[in-house]
2 protein chains.
Amino acid sequence: MTIDSNISYQQTTQVTLASYPDTYPSEENFAVNTVTLPALQDGEVKIKHTFLSLDPYMRSQIAGRHVSGSIELNGLMFGEVVGEVVETKSAKFNLGDQVRCMGGWQTASIQKDSAVFAIGNIEQPSHALSVLGMPGLTAYAGLIWQAQPQAGDVVVIPAATGAVGATVGQLAKANGCTVIGIVGSDEKVDYAINQLGYDACINRKTQDVEQALDKLCPEGINIYFDLVGGDLLHSVSARLAIGARVILCGMIAETNSKERMAGPSPGMWIKARAIVYGLVVYDFEPRRQEFIDACAELVNANKLIMKEDVSVGIASAPAAFSRLMRGENMGKVIVKI
Amino acid sequence: MTIDSNISYQQTTQVTLASYPDTYPSEENFAVNTVTLPALQDGEVKIKHTFLSLDPYMRSQIAGRHVSGSIELNGLMFGEVVGEVVETKSAKFNLGDQVRCMGGWQTASIQKDSAVFAIGNIEQPSHALSVLGMPGLTAYAGLIWQAQPQAGDVVVIPAATGAVGATVGQLAKANGCTVIGIVGSDEKVDYAINQLGYDACINRKTQDVEQALDKLCPEGINIYFDLVGGDLLHSVSARLAIGARVILCGMIAETNSKERMAGPSPGMWIKARAIVYGLVVYDFEPRRQEFIDACAELVNANKLIMKEDVSVGIASAPAAFSRLMRGENMGKVIVKI
């Protein structure tokens, strides 16, 4: 049965990869096509997508070096969506259910019911892609479950106003830490300090980051939530306090290049007796509800915020993604479909 | 009071640093002198040294980049010794007590009683410097307390017949792991397999280590106990299994150079969801007895062995240390005084 016999969602408009970017992607690397969906099979649901999440890891998928898979030329771009069940041949889902799935950059999709999840007790559907979704879970898993922050810890966060970074920072503040952000514009410095409550924030484009860290963290850095890799990981590793924790989560600094960068000298980590964790958020999917339950109240009370950078229409996705890769977004990038 | 009025140990023969080696140390970098010990003060003991431990970390002390301190030009070489109390102004120690302390490369020393420790339930005194001493504690802390081996784990160990490596390997075997050693001679390969019970051992001077690891570890490496740093750390990091643990403990590969080497790309550790631990054995001193109690029975039953590479006389220390730095030792290097 369909939710509305006049609107059967037989077609989907898709964004595909038209060519491989050498460095930063631009709109011309993508194409938009409309195709007809196949008939629904038993155990499947048809989902009308309402929001699509755009994330830095997608650049690694394009480059063929992401753990979650690679995008083929002319293939559909992968991505998580929230949406509404508009046709069902599954006993697990009813028409109108609010769900999330890896629906990709398109307006509708057919999914096996085992790959579809109710968004549950999340009040605002887009939150299932942002503060209470994958970026939030990434932040929570790395900071709370891996790094285990203690009151008084000095926490340094690059990309500090991005979807993951901003959540790390707010959770660290909620746990009594001193939080130092690193960002790429004065506008982001202002947002980090005045909206997210950071203790300090460094503009890496106008300040000497190492000098600023020396001044702001005279007793060393207890937790570094690495979202960028590159030179900054070296600079921070040389300034770790004894017993520091480093969360290796992303490498924006090398995401848009074809080369892999070397890491810091192990000697710096030995000296700090650091514990360094490789973080892949998918490993924590079984604990997603635990994270949502821990954070939903903070979100509803506006104590854990995530700015959503929303563009409208599936055709806006390539431009929005290109802005994200150039660091021109402000908060979690979402496409409203 | 003294233990024997005819032998008052008023003098000590010392080895000092005569010049800084550029790369590998040799005997000419050291000098031997005899000096008079001062009078014993309240709270002090005089110790006649019987065994001196020589260890790779001393090269880093010479280079001025070890957490435990630096050796000054013409300064006494640091080092742990076992010995016997021959004069005491401390209520904590009696004449004849078998003790250990950081006595340095010399034949006797005066120590504050707070810096002296009874060797306790260790039957053979030299064991307090070897299998039940700092090298053993290093191996136990890194493997058992940090890496937490599970039966079936594939454990790779460079410098696999050295004091630390050989203990890691035997403890890993005792915990049901598959153990792969990497060494620098066929003699050491033979020792690793036939004496230490390793499952396999690679001669890095005659074999292609990466090819050998691919063949020996088709499902990846679960634990890497890094004692060498350098290129091998890159090669192993590219071959880690999901959930791998890497213990960063030593950097022999760069110990004898003035430059620091870069580490592996963080992306390899993210991909493996690795947990990487910086290990400094001093942090585990409070748990030394726990380690001794756990291992003494294995040692007494000859199930945990450590070959001791013993030279005789304090004046033999420079040559013995130089051999250690060139990898020409076989087992734990100890000077019998």
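A residue is called buried if 20 or more other C-beta atoms lie within 10 Å of its own, exposed if 12 or fewer do, and partly exposed in between, with C-beta atoms placed from the backbone. By this definition B:Ala163, B:Val164, B:Gly165, B:Ala166, B:Thr167, B:Val168, B:Gly169, B:Gln170, B:Leu171 and B:Ala172 are buried in helix H3(B). The structure is a predicted model, in which local features need pLDDT of at least 70 and side-chain atom pairs count only at pLDDT 80 or more, while totals for chains, interfaces and linings use all residues. Residues are numbered from 1 along each chain as its sequence is written, and chains are lettered from A and ligands numbered from 1 in the order in which they are written.

**Relation of the two chains**

**The contact between the chains**

- Chain B and chain A contribute 26 residues each to the contact, where two residues are in contact if their C-beta atoms, placed from the backbone, lie within 7 Å.
- On chain B, helix H8 (266-271) and strand S13 (275-278) each supply at least two residues to the side that touches chain A; helices (H or I, at least four residues) and strands (E, at least two) are DSSP runs numbered from the N terminus.
- H8(B) gives the most to that side, with 5 residues.
- Of the interface residues of chain B, 100% are also interface residues in chain A, so the copies meet through the same surface.
- Strand S13 of chain A pairs with S13(B) in the antiparallel sense over 3 bridges (pairing requires at least two DSSP bridges between the strands).
- Within this pairing, A:Val276 stands opposite B:Val276.

**Helix H3 of chain B**

- H3(B), residues 163-174, is mostly covered, with 10 of its 12 residues buried.
- The cover over its buried residues includes helix H2 (134-147) and strands S8 (154-158), S9 (178-183), S11 (221-226) and S15 (332-336) of chain B.
- After H3(B) comes B:Gly176, whose phi is positive, near 80°.

- Most residues other than glycine have a negative phi.
- A:Ala159, in the loop between S8 and H3 of chain A, has a positive phi of about 50°.
- A:Ala159 is buried, with 26 other C-beta atoms within 10 Å.
- B:Gln148, in the loop between H2 and S8 of chain B, has a positive phi near 50°.
- B:Gln148 counts as exposed, with 12 C-beta neighbours inside 10 Å.
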